[in-house]
Amino acid sequence: MKIQVVTLFPEMIGGALGFGVVGRAVERGLLSVGTEDPRAHTSDVHRTVDDRPYGGGPGMVLKPEPMLAAIRAAHGRLPQGSPRIYLSAQGESFGQGQARELAGLAGLLLVAGRYEGLDERVVELGIDRELSIGDYVLSGGELPALVVIDAVARLLPGALGDARSSVEDSFAAGLLDWPHYTRPEVFEGLGVPQVLLSGNHADIRRWRLEQAVARTWARRPDLIAGRELSSEASRVLNELLAARGVRSR
Ligand code: 21W
């Protein structure tokens with residue numbers, strides 16, 4: 001997959017991609033990430049990329065000419081049909097579903113804004129889709145672009161070890177993780193749940209699924225309400241609710 005990022009801070013992108021799963025995906029040639037700086041598309045001595053908003057008020061708006069020129073230059077280096085995506089707080093929420101969808105494409109153009117963002121005519125002329133990474137206020141689109149790149153990169157075939165990729169679509173899909181423990185067996189006076197030391201793999205699997213279901217129910221009921229659980233997970237949930245005297249509907 002090829003990704004281009006339009007950004008006024010290209011070092012933020014390059015500097016973050018050399019590590020861990022994403023770094024390995026780049027090394028293995030599964031992913032390439034390039035940047036385009038709109039400042040390279042200015043012609044005035046001050047290399048101006050922002051200007052005051054029509055209608056007045058606080059904040060600055062990204063000037064349309066250098067932004068659209070940068071978008072066109074970067075898009076020209078990507079496979080035909082690569083979507084031009086603007087990271088924007090006004091966008092559709094980015095979730096695992098969007099990550100899966102984007103991971104199936106040959107190329108992505110990510111546009112990171114700064115200040116109050118793009119001139120709306122650039123959105124009209126040069127953007128196919130807007131994505132937000134959540135309901136909090138950031139100072140620009142570079143961290144959201146990196147979030148999208150990270151979430152997509154780890155879904156590319158070969159990016160994870162074989163052992164790890166198969167865990168993803170297992171019996172606990174769509175649930176929060178179960179608790180993890182490693183040596184020592186007693187740490188600062190705290191032990192490890194006995195079942196994990198038992199060597200009984202069926203019991204361990206069952207305990208992990210119960211933990212995942214109970215945590216998801218307690219901490220993120222929205223995940224259970226909104227999604228289909230595996231038949232095994234549904235059974236565990238019904239047993240948990242019955243044991244707590246919660247009436248099922
Ligand atoms: C944040 C720019 C807030 C402007 C009403 C009118 C990209 C982002 C961003 C940013 C404002 C994403 C105002 C989650 C994010 C991003 C920069 C609004 C005041 N209010 N996902 N003007 N959150 N944010 N400024 O912030 O570029 S994806």
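The chain is divided into domain 1 (2–153) and domain 2 (186–243), with bounds that come from an automatic or database domain assignment. Taken over C-alpha atoms, the centres of domain 1 and domain 2 are separated by 39 Å. This is a predicted model, in which local features need pLDDT of at least 70 and side-chain atom pairs count only at pLDDT 80 or more, while totals for chains, interfaces and linings use all residues. Residues are numbered from 1 along each chain as its sequence is written, and side-chain values use heavy atoms, with hydrogens and water left out.

Around the ligand there are 16 residues, of which Glu 116, Ile 133, Gly 134, Tyr 136 and Leu 138 come nearest; a residue counts as near if one of its heavy atoms lies within 4 Å of the molecule. By class, this shell holds nine nonpolar residues, six polar and one charged, where Ala, Val, Leu, Ile, Met, Phe, Trp, Tyr, Cys and Pro count as nonpolar, Asp, Glu, Lys and Arg as charged, and the others, Gly among them, as polar. Strands β5 (84–93) and β7 (129–132) each supply at least two residues of the shell, and β5 gives the largest share, three residues; strands here are DSSP runs of E with at least two residues, helices runs of H or I with at least four, numbered from the N terminus.

A polar side-chain atom of Glu 116 lies 2.9 Å from a nitrogen atom of the ligand, whereas Ile 133 places a backbone N or O atom 3.1 Å from a ligand nitrogen atom, and a polar backbone atom of Tyr 136 is 2.8 Å from a nitrogen atom of the ligand. The protein covers 65% of the 600 Å² of accessible area that the ligand has on its own, by the Shrake-Rupley method with a 1.4 Å probe.

Two backbone features remain. The peptide bond from Arg 183 to Pro 184 is cis, with omega near 5°, and Pro 184 is placed in the loop between α7 (162–168) and α8 (201–219). Arg 47, although not a glycine, has a positive phi of about 50°.

Notes:
Polar contact = N/O pair within 3.5 Å; in protein donor to acceptor, adjacent residues only side chain to side chain.
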